[in-house]
Amino acid sequence: CLDVQALFDGYWGGLGVRVSGPIPFHSPGYDHAVAPSTYDLAAARELFAQAGWYDRDGDGWVDRDGRRMTLDYAAIVGSELSQRVGA
């Protein structure tokens, strides 16, 4: 749900390196055989639809069982990066 490449380009001037987990990229423990996830909104919509989450009434909100989907975003207070990601 996050376009990481756009964040790298806009915030770090294209200098970020995408990773596939919490291990630093240049660490001997990083598994380079595991590719980072891709930003693919069409695939995300399909996966949500398979799980029963889709816009049933055309109002622009994904819903299931009469409830709109909501996502919580935990941010670091005062962090410019957290504010940009949240926006």
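**Exercise 1. Accessibility classes**

Assign F25 to an accessibility class, and do likewise for Y30.

Step 1. The classes are buried (under 20% relative accessible area), exposed (over 50%) and partly exposed in between, with a 1.4 Å probe and protein chains only.
Step 2. F25 has a relative accessibility of 28%, so F25 is partly exposed.
Step 3. The relative accessible area of Y30 is 8%, and Y30 is therefore buried.

The model is predicted, so that local features require pLDDT of at least 70 and side-chain atom pairs count only at pLDDT 80 or more, whereas totals for chains, interfaces and linings use all residues. Numbering starts from 1 along each chain as its sequence is written, and side-chain values use heavy atoms, without hydrogens and water.

**Exercise 2. Aromatic pairs**

How many aromatic pairs does a search of the whole structure find, and which geometry describes F8 and W12?

Step 1. Three aromatic pairs are found in the whole structure.
Step 2. The ring centres of F8 and W12 are 5.5 Å apart with 55° between the planes, a tilted pair. The criterion takes rings of Phe, Tyr and Trp (its six-membered ring) with centres within 6.5 Å; planes under 30 degrees apart are stacked, over 60 edge-to-face, and the rest tilted.
Step 3. F8 is buried because its relative accessibility is 10%, while W12, at 36%, is partly exposed.
Step 4. The rings of F25 and Y30 also make a tilted pair, because their centres are 5.3 Å apart and their planes stand at 55°.
Step 5. F8, Y11 and W12 are joined by ring pairs into a cluster.

**Exercise 3. The largest pocket**

Characterise the largest pocket by its volume, its lining residues and their classes.

Step 1. Rolling a probe the size of a water molecule over the atoms shows where empty space is left. On a 1 Å grid over the protein atoms alone, a cavity is a set of points where a 1.4 Å probe fits but cannot get out; a pocket is an open set with protein on both sides within 12 Å along at least five of seven lines, and lining residues have an atom within 4 Å of a point.
Step 2. The largest pocket holds about 360 Å³ of space, where a volume is the space filled by probe spheres set on points joined across faces, edges and corners.
Step 3. Its lining includes C1, L41, A44, R45, F48, W53, Y54 and D55; V62, M69, T70 and L71 are also among the lining residues.
Step 4. Nine lining residues are nonpolar, one is polar and two are charged. Here Ala, Val, Leu, Ile, Met, Phe, Trp, Tyr, Cys and Pro are nonpolar, Asp, Glu, Lys and Arg charged, and the others, Gly among them, polar.
Step 5. Y54, one of the lining residues, has the charged end of R56 over its ring, 4.0 Å from the ring centre. The criterion places NZ of Lys or CZ of Arg within 6 Å of the ring centre and within 35 degrees of the ring normal.

**Exercise 4. Helix start and backbone angles**

Which backbone nitrogen does a side-chain oxygen of D40 approach, and where is D65 found?

Step 1. Helices (H or I, at least four residues) and strands (E, at least two) are DSSP runs numbered from the N terminus.
Step 2. At the start of helix α2 (residues 41-50), a side-chain oxygen of D40 comes within 3.2 Å of the backbone nitrogen of A42.
Step 3. G52 follows α2 and has a positive phi, near 95°.
Step 4. D65 is found in the loop between β1 (63-64) and β2 (67-68). Its phi is also positive, near 55°, in a residue other than glycine.
Step 5. D65 is exposed because its relative accessible area is 63%.
Step 6. D63 lies in strand β1 and, at 10% relative accessibility, is buried.

Terms used: A polar contact is a pair of N or O atoms within 3.5 Å; within protein, one must be able to donate a hydrogen and the other to accept it, and residues adjacent in sequence count only if both atoms are side-chain atoms.
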